[in-house]
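Take a moment with the model before reading on.

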Amino acid sequence: KDMNSYDVAVIGSGPGGYVAAIRCAQLGMKTAIIEKYSTLGGTCLNVGCIPSKALLDSSHHYEDAVKHFEEHGIDIPGEIKINLEKMISRKQAVVDQTTGGIDFLMKKNKIDVYVGTGSFKDATHISIVGEET
């Protein structure tokens with residue numbers, strides 16, 4: 001299947017890719033972005049930096065409650081427990097909010113989004129494997 005024609009096609013919608021796509025669109029170029037994940041944001045927002053930091057933030061709160069609250073005059077009676085299901089649910093909400101924001105920015109800047117793995121066929125053509133539009 002032939003892809004539409006664009007001034008710029010960005011492969012990868014991570015922090016570098018989506019910012020580049022937005023800037024190109026703002027400069028008047030017809031722009032497309034290609035992402036292998038079903039949600040925008042690349043590895044960083046979907047499975048790397050953002051989810052890791054969200055879980056790390058929760059684990060820091062747990063450590064503070066166990067080791068440091070008492071010295072601040074905060075007494076928590078009973079055992080402090082981790083609810084992993086809630087922790088992971090919060091992490092997913094953070095990821096969803098962030099990737100949703102990028103979706104909004106793509107629509108706002110009229111950038112066409114392709115889901116699949118992009119690779120160069122030649123200097124001016126890109127193939128997308130697993131493409132969903």
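Is Lys67 buried or exposed? Lys67 counts as exposed because its relative accessibility is 54%. The cut-offs are these: buried is under 20% relative accessible area, exposed is over 50%, and partly exposed lies in between, with a 1.4 Å probe and protein chains only.

A word on the source. This is a predicted model, where local features need pLDDT of at least 70 and side-chain atom pairs count only at pLDDT 80 or more, while totals for chains, interfaces and linings use all residues. Residues are numbered from 1 along each chain as its sequence is written, and side-chain values use heavy atoms, leaving out hydrogens and water.

Stay with Lys67. Its side chain meets that of Glu63 in a salt bridge, at 3.5 Å from N to O. A salt bridge is a side-chain nitrogen of Lys or Arg within 4 Å of a carboxyl oxygen of Asp or Glu. Both residues lie in helix H3, 4 residues apart, about one turn of the helix. Helices (H or I, at least four residues) and strands (E, at least two) are DSSP runs, numbered from the N terminus. An α-helix has 3.6 residues a turn, so residues three or four places apart point the same way. Glu63 counts as partly exposed because its relative accessibility is 33%.

How many salt bridges does the structure hold? The structure holds 2. Asp57 forms one with Arg90, and their closest N and O atoms are 3.1 Å apart. This pair links distant parts of the chain: Asp57 sits in helix H3 and Arg90 in helix H4, 33 residues apart. Asp57 is partly exposed, at 33% relative accessibility. Arg90 is partly exposed too, with a relative accessible area of 36%.

Now look at Ser58, also in helix H3. Ser58 counts as buried because its relative accessibility is 11%. Ser58 touches Met87 and Arg90, leaving aside residues up to four places away in sequence. Contact here means heavy atoms within 4.5 Å.

Next comes helix H4 itself, residues 84-108. H4 has 25 residues and reaches 36 Å from its first C-alpha to its last, close to the 36 Å expected at 1.5 Å a residue. That expected span is 1.5 Å times one less than the number of residues. Asn83 caps the N-terminal end of H4, with a side-chain oxygen 3.3 Å from the backbone nitrogen of Glu85. After H4 comes Lys110, whose phi is positive, near 55°.

Which residues of H4 are buried? They are Met87, Lys91, Val95, Thr99, Ile102 and Met106. Their cover includes helices H1 (15-26), H2 (42-46) and H3 (49-67), along with strands E2 (31-35) and E3 (112-122).

Turn to the surface. Leu55, Tyr62, Val66, Ile82, Leu84 and Ile88 form a nonpolar patch there, with about 500 Å² of accessible area together. H3 and H4 each supply at least two residues of this patch. H3 gives the most, with 3 residues. Tyr62 is found in H3, and counts as partly exposed at 31% relative accessibility.

End at strand E3, where Tyr114 lies. Tyr114 counts as buried because its relative accessibility is 6%. Tyr114 and Gln97 are 17 residues apart in sequence and 20 Å apart in space, C-alpha to C-alpha.

Note on methods:
Polar contact = N/O pair within 3.5 Å; in protein donor to acceptor, adjacent residues only side chain to side chain. Patch = residues over 30% accessible without salt bridge, like charges linked within 9 Å, V, L, I, M, F, W, Y side chains within 5 Å. Areas by Shrake-Rupley, 256 points an atom, 1.4 Å probe, with all protein chains shown as cover.
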